[in-house]
Amino acid sequence: MLGSYEPTVWNVGWSPGTRILAVLVSGYHRQVINGLPSSVPRIVSSHDNQGACPSFSLSGDRLNSLNAVARQVFGRNVDMVFPARGGKALISGSGAEAGNWVTDRAAQSTESFRLADTPLAGEAGLDDAVRKGYLREATPADARNWQMAAAAAQGAGDVPPVYGGTKPRPVRMYHAYVVLKPFTLPAGLYGAHSATFFVPKGVPRPKGPLGHSTLYDFNTLSCAGVACRH
């Protein structure tokens, strides 16, 4: 059983003499198996493709569904969970690599699985947008500018004065960026991969789902996303 929240290409190799009977791959986004002989049965059942089996991902402490899925597909509980480290999951009783890996000669390059004309997902997509000039990293000054603009738009209203003044509402600055020109948000901006976006006046609001991210729009002085609910 292989699982990852992120879009993942699983390049499978095995030690000589090892026999892989079947593979179940799951996660939230697209999952691909590469390197296995076509004779090995496999099921790819992620949240995105709405496969026949319940979806799961092996991240953090989210392991409470694994045995139920294993019993449904393989008729037995999971023997052991092997977390991935540095992009590699090593399934080994000793924990040490030995010898050379075997892989099917029909294995493709990882890059060949990338969908044409689609942006990179998650943090990789944001880094790529910075390199291409669609985004720049935000600074505390961008947050202060938003606080001042939002306060000026709201006005004093029918509110009594507060001794010592009031503090402006904090602005979320987790993975914060300023949008510089028309832009489509990358997929996968959820959980630890979410971000914060400031949209200056005159720049259109980016397209695409925010996920768990937050967007501060200077054009409308509106806030959208997770942090706006608190």
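This is a predicted model: local features need pLDDT of at least 70, side-chain atom pairs count only at pLDDT 80 or more; totals for chains, interfaces and linings use all residues.
Q: What makes strand 1 and strand 3 a pair?
A: Three bridges join strand 1 (residues 2-4) to strand 3, and the two run parallel. Two strands pair if DSSP finds at least two bridges between them, so three bridges meet the rule. One of the partners is Val25 in strand 3, which is bridged to Leu2. Strands (E, at least two residues) and helices (H or I, at least four residues) are DSSP runs, numbered from the N terminus.

Q: Which strand pairs with strand 3 in the parallel sense over three bridges?
A: Strand 5 (residues 42-44) does. There, Arg42 stands opposite Val23.

Q: What makes strand 3 mostly covered?
A: Five of the five residues of strand 3 (residues 23-27) are buried, where buried means under 20% relative accessible area, exposed over 50% and partly exposed in between (1.4 Å probe, protein chains only). Val23, Val25 and Gly27 point one way and Leu24 and Ser26 the other way. In a regular strand the side chains alternate between the two faces of the sheet.

Q: Why does Cys53 count as buried?
A: The relative accessibility of Cys53 is 13%; buried means under 20%, so Cys53 is buried.

Q: Why is Cys223 called partly exposed?
A: Cys223 has a relative accessible area of 32%, which lies between the limits of 20% and 50%, so Cys223 is partly exposed.

Q: How do you know that Cys223 and Cys228 form a disulfide?
A: Their S to S distance is 1.7 Å. A disulfide is a pair of cysteine sulfur atoms within 2.5 Å, so this pair qualifies. A search of the whole structure finds one disulfide.

Q: Why is the disulfide of Cys223 and Cys228 called left-handed?
A: The torsion about its S-S bond is about -80°, so the disulfide is left-handed.

Q: What makes a nonpolar core, and which residues have the most contacts inside the largest?
A: A nonpolar core is a set of buried Ala, Val, Leu, Ile, Met, Phe, Trp, Tyr and Cys residues joined through side-chain atoms within 4.5 Å. The largest has 15 residues, and Leu126, Leu135, Val179 and Phe197 have the most contacts inside it. Helix 2 (122-131), strand 7 (176-179) and strand 8 (196-199) each supply at least two residues of this core.

Terms used: Residues are numbered from 1 along each chain as its sequence is written. Side-chain values use heavy atoms; hydrogens and water are left out.
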